[in-house]
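Please keep the sequence and the coordinates open while reading.

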Amino acid sequence: MTTTLHASPDNRRRTFDAAPFTASAPLAATLQDVLVDLLELHAQTKQAHWNVVGRGFRGLHLELDEIAATAREAADEFAERMRALGATPDGRSDSVARTTTLPEFPAGRIEDARATALVLGRLNTVGCVLRAAFSAAGDEDPATGDLVNTTLQSIEKHAWMLRDRLAHD
Ligand SMILES: [Fe+2]
């Protein structure tokens, strides 16, 4: 069956409105995977922010809070992107703990060099997840690809700064 897009050749008005774009199940699952890792990254960097000790305390304390803010804001963007595409984000703490790919963060006070190394590792992992998400999302939804890219740039900038901190400690 063919449908008529325009009323006539000299009139560009459509005869009907376009249907909304909705995420496929694999795209929705990809966005959910990114969401839980960003929420976990936020929780872990806050944990480190509160418990870091050592000579580099002040600077690292502040830098960890910047990373936490990046993760929180990006998580919000991904959750809202899911809603915009007709998917339903699940940010419940139980869901995050059950499905995140990030290793568990240790309890208690933590020396600055160890905190730096652990958070750097988490950033690298989130970077891998985002790169995989770009491959999964890019063709189906370039706008989601843009969000993935923007987030990846921020995550990798934070990783660079922590790497440099470790190299010169
Ligand atoms: Fe704080």
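Helix H4 and helix H5 (residues 142–167) pack with their axes 9 Å apart and at an angle of about 155 degrees. Axes here are lines fitted to C-alpha atoms, for helices over the stretch in contact, and angles run from 0 to 180 degrees between N-to-C directions. The angle makes H4 roughly antiparallel to H5, where angles under 35 degrees count as roughly parallel, over 145 as roughly antiparallel, 65 to 115 as roughly perpendicular and the rest as oblique. H4 passes H5 in a left-handed crossing; a crossing is left-handed if the near helix is turned anticlockwise from the far one by less than a right angle, and right-handed if clockwise. The residues of the H4 and H5 contact divide into 16 nonpolar, eight polar and four charged. In this division Ala, Val, Leu, Ile, Met, Phe, Trp, Tyr, Cys and Pro count as nonpolar, Asp, Glu, Lys and Arg as charged, and the others, Gly among them, as polar.

The model is predicted, and local features need pLDDT of at least 70, side-chain atom pairs count only at pLDDT 80 or more, while totals for chains, interfaces and linings use all residues. Residues are numbered from 1 along each chain as its sequence is written.

The protein chain has five helices and four strands. Helices (H or I, at least four residues) and strands (E, at least two) are DSSP runs, numbered from the N terminus. Read from the N terminus on, the order of the elements is β-β-α-β-α-α-β-α-α. The radius of gyration of the protein chain is 20 Å, well over the 15 Å that the globule rule gives for 169 residues, so the chain is more spread out than a compact globule. This radius is taken over C-alpha atoms, and the globule rule is 2.2 Å times the number of residues to the power 0.38. The C-alpha trace spans about 75 × 30 × 20 Å along its principal axes.

Of the 169 residues in the protein chain, 34% are buried. A residue is buried if 20 or more other C-beta atoms lie within 10 Å of its own, exposed if 12 or fewer, and partly exposed in between, with C-beta atoms placed from the backbone. Among contacts between residues at least 6 apart in sequence, 75% join residues at least 24 apart. Two residues are in contact if their C-beta atoms, placed from the backbone, lie within 7 Å.

H4 (residues 112–137) also packs on helix H1 (residues 25–51): their axes come within 10 Å and cross at roughly 165 degrees. That angle makes H1 roughly antiparallel to H4, and the crossing of the two is left-handed. On the H1 side the contact includes Pro26, Leu27, Val34, Leu38 and Leu41, and on the H4 side Val119, Val126, Val129 and Leu130 are among the residues involved. The residues of this contact divide into 14 nonpolar, three polar and three charged.

H1 has a further partner in helix H2 (residues 57–84), with axes that come within 8 Å and cross at roughly 160 degrees. The residues of the H1 and H2 contact divide into 17 nonpolar, four polar and four charged.

His42 is found in H1 and counts as buried, with 20 C-beta neighbours inside 10 Å. Leaving aside residues up to four places away in sequence, His42 touches Ala68, Ala71, Arg72 and Ala75. His42 and Ala71 are 29 residues apart along the chain, with their C-alpha atoms separated by 5.2 Å.

Gly91 lies in the loop between H2 and H3. With 15 C-beta neighbours inside 10 Å, Gly91 counts as partly exposed. Gly91 touches Leu35, Leu39, Ala79 and Val96, again not counting residues up to four places away in sequence. Arg114 is 23 residues from Gly91 along the chain, and their C-alpha atoms are separated by 28 Å.

Arg114 itself is found in H4 and counts as partly exposed, with 14 C-beta neighbours inside 10 Å. Arg114 and Leu166 are 52 residues apart in sequence and 9.2 Å apart in space, C-alpha to C-alpha.

Ala97 has its place in helix H3 (residues 93–99) and, with 13 C-beta neighbours inside 10 Å, counts as partly exposed. From Ala97 to Thr22 the separation is 75 residues in sequence and 27 Å in space, C-alpha to C-alpha.
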